[in-house]
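Work through the following exercises with the sequence and the coordinates side by side, and try each task before reading its solution.

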Amino acid sequence: MGYAQLVIGPAGSGKSTYCSSLYQHCETVGRTIHMVNLDPAAEHFSYPVSTDIRELISLDDVMEELGMGPNGGLIYCMEHLEDNLDDWLDEQLEGYLDDDYLVFDCPGQIELFTHVPVLRNFVEHLKRKNFNVCAVYLLDSQFVSDVTKYISGCMASLSAMIQLELPHINILSKMDLVSNKKDVEEYLNPEAQVLLSQLNRQMAPNFGKLNKSLAELVDDYSMVNFIPLDLRKESSIQYVLSHIDNCIQYGEDADVKVRDFDPEED
Ligand SMILES: Nc1nc2c(ncn2[C@@H]2O[C@H](COP(=O)(O)OP(=O)(O)OP(=O)(O)O)[C@@H](O)[C@H]2O)c(=O)[nH]1
Ligand SMILES: [Mg+2]
């Protein structure tokens, strides 16, 4: 049984920075995680990359040789990955041990987790290979001060949930940039009434019905529980990590084993 985080979210939401901080944190506490780069356009890394999609295909080559633009080229690269799950990916996965913990740093193109089936097939493949996978969706806290941007971020997260059908953790990133924590707090576990009144205040009256449905949707499915992440604080990283570990049952097997061998218990 392997464990994996699939780190997703809009462009620039802080995925790679999170990956890097997570790696450092794990190093500090003496825990081994393996970083996998799934972004064929990435150039600089502040964590050691143990598996890299660019060894399979790079965006530069695709753009140069096929004359594609950056976004079409990226989709092309990811589809190439999809075509190579059984050979390239499996070869890579064979290099890991049974209960290794992998963190996949994904590209930020929103298409990848809204309607292009590549990531879905990718995680299906990981599941077949006996990985417990969790989607870690990052949303930039800077967008949360505005309720309309917040709703759009929630909808993108919901798309990912529907597309991927994975255990899912929402994270509000870049909390160090939030000067007034109170502004953000009501968005961590928002209530339909609060969202609705804010939406109605900002938008023309003819959106009233739509706003009500959106606010209720967000509330009904209680999909929007955001965990704030402040990378300056080790405790914040630890808190986020423990939620994710819980989601993929990391560490539970170990507990069971200890208990099994405890002579005090029957
Ligand atoms: N202040 C602050 N800046 C951050 C934080 N996380 C990321 N950034 C900045 O936000 C920008 C984007 O960060 P990345 O980690 O590259 O974001 P990403 O989601 O990997 O971006 P793409 O891979 O291009 O989609 C960079 O300039 C980072 O320095 C944070 O916690 N605090
Ligand atoms: Mg990145």
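**Exercise 1.** Locate E165 relative to the neighbouring secondary structure, and decide whether E165 is buried or exposed.

*Solution.* E165 sits in the loop between α7 and β6 (168-173), where helices (H or I, at least four residues) and strands (E, at least two) are DSSP runs numbered from the N terminus. Its phi is positive, about 50°, although E165 is not a glycine. E165 counts as exposed because it has 12 C-beta neighbours inside 10 Å; a residue is exposed at 12 or fewer other C-beta atoms within 10 Å of its own, buried at 20 or more, and partly exposed in between, with C-beta atoms placed from the backbone.

The model is predicted: local features need pLDDT of at least 70 and side-chain atom pairs pLDDT 80 or more, while totals for chains, interfaces and linings use all residues. Residues are numbered from 1 along each chain as its sequence is written, and chains are lettered from A and ligands numbered from 1 in the order in which they are written.

**Exercise 2.** Identify which residues are closest to ligand 1, and which helix gives the largest share of its shell.

*Solution.* Ligand 1 is surrounded by 16 residues, the closest being G14, K15, S16, T17 and G108, where a residue is near if its C-beta atom, placed from the backbone, lies within 6 Å. Helix α1 (residues 15-28) provides the largest share of this shell, 3 residues.
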